[in-house]
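The following paragraphs lead through selected local features of one model. Please keep the sequence and the coordinates at hand while reading.

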Amino acid sequence: MLCLSPEMDAARKVVEGESLLTVAEFTENLIREKGGEPAFPVNISRNDEAAHATPSFNDKTVFGKDMVKLDIGVHIDGYIADTAVTVDLSGNPKLVEAAQVALENALKFIHAGVNTSEIGGVVEDTIGSFGFKPIINLTGHGLEQYIQHAPPTIPNKRMPHSVVLEEGDIVAIEPFATDGAGKIHDAGNAEIYHLISNRPVRHPSARALLQEIEKYKTLPFAKRWLGERVDFALVQLVKAGVIQPYPVLKEIKGGLISQAEHTILVTADGCEVITK
Ligand code: CO
């Protein structure tokens, strides 16, 4: 069991005027100090961003009156715990509560034998009761060694297809609530990548960068972790199909988004939260 829980220390650092890069580096260093490794770069997604935002090298951006999602992953030998909290500097506490209560209700509902569509129904109904919509094309997920998004998918609404959770399954439950349309899309810029196919590349700078990247295995890494002048080599690796970007995901109507997430172990009569 991982007892690292860096998210509360990280959340306290999120205040107006503080830099995103300071919070990201503080959190990632805290994870390392406690004996883990970041399973992915700390995601600091604001307002209509749902996920996959992380500061760039030397990023000077500071928090304003933002709705801030911190999504944090820790791994030890590839075994991952994934958790997220929303820090609201924007004055929309109901939206934060909607995602938080949806997560709590889902956790109360889960036990071995429950099906994933019913969990999605609990999330959908809870968020709906606050007058908001769940983000329907983002889901919770299974976790496997060095794979942070493995089957099964845990939807944030009722679905026609579902699977049954079994005792011993480890899954992340992550409801997102929005006052927008309830859908996200890729919105360009990527600061996070992952290795998809380790094959030889010709250009020396790309080859050198690939060697550096190999230590993250199949887990996502941040461009800023690689130093300052890596754009050319990164583009070569993307073109060669060796790495893939994770573009920032944004709400299609520009709605504000809140998120809550825990990783749990499914037990015979309930579940155990691993990330608290
Ligand atoms: Co997750």
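Asn-58 is found in the loop between strand 2 and strand 3, where strands are DSSP runs of E with at least two residues and helices are runs of H or I with at least four, both numbered from the N terminus. The model is a predicted one, in which local features need pLDDT of at least 70 and side-chain atom pairs count only at pLDDT 80 or more, while totals for chains, interfaces and linings use all residues. Residues are numbered from 1 along each chain as its sequence is written, and side-chain values use heavy atoms, with hydrogens and water left out.

Most residues other than glycine have a negative phi, and most peptide bonds are trans. Asn-58, however, has a positive phi, near 65°. Because its relative accessibility is 44%, Asn-58 counts as partly exposed; buried means under 20% relative accessible area, exposed over 50%, and partly exposed in between, with a 1.4 Å probe and protein chains only. The loop between strand 2 (49-51) and strand 3 (67-76) also holds His-52. His-52 is not a glycine either, yet its phi is positive at about 75°. At 18% relative accessibility, His-52 therefore counts as buried.

A cis peptide bond, with omega about 0°, joins Pro-151 and Pro-152. Pro-152 is placed in strand 7 (residues 147-154).

Which residues coordinate the cobalt ion? The donors come from Asp-82 (OD), His-141 (NE2), Glu-174 (OE) and Glu-261 (OE), at 2.1 to 2.3 Å. Donors are N, O and S atoms within 2.8 Å of the metal (3.2 Å for Na, K and Ca); water is not among the atoms, so sites may look incomplete. Along the chain, the donors follow the spacing D-x58-H-x32-E-x86-E. Asp-82 in strand 4 (residues 79-88) and Glu-261 in the loop between strand 13 (257-259) and strand 14 (262-267) are 179 residues apart, a pair that links distant parts of the chain. Asp-82 and Glu-261 are both buried.

Finally, consider a pair of helices. The axes of helix 5 (residues 204-213) and helix 6 (residues 231-239) come within 8 Å and cross at roughly 80°. Helix 5 and helix 6 are therefore roughly perpendicular to each other, a term for angles of 65 to 115 degrees. The contact (heavy atoms within 4.5 Å) is made by Ser-205, Ala-206, Leu-209, Leu-210 and Ile-213 of helix 5 and by Phe-232, Ala-233, Leu-234, Gln-236 and Leu-237 of helix 6.

Definitions and conventions. Axes are lines fitted to C-alpha atoms, for helices over the stretch in contact, and angles run from 0 to 180 degrees between N-to-C directions. Angles under 35 degrees count as roughly parallel, over 145 as roughly antiparallel, 65 to 115 as roughly perpendicular and the rest as oblique.
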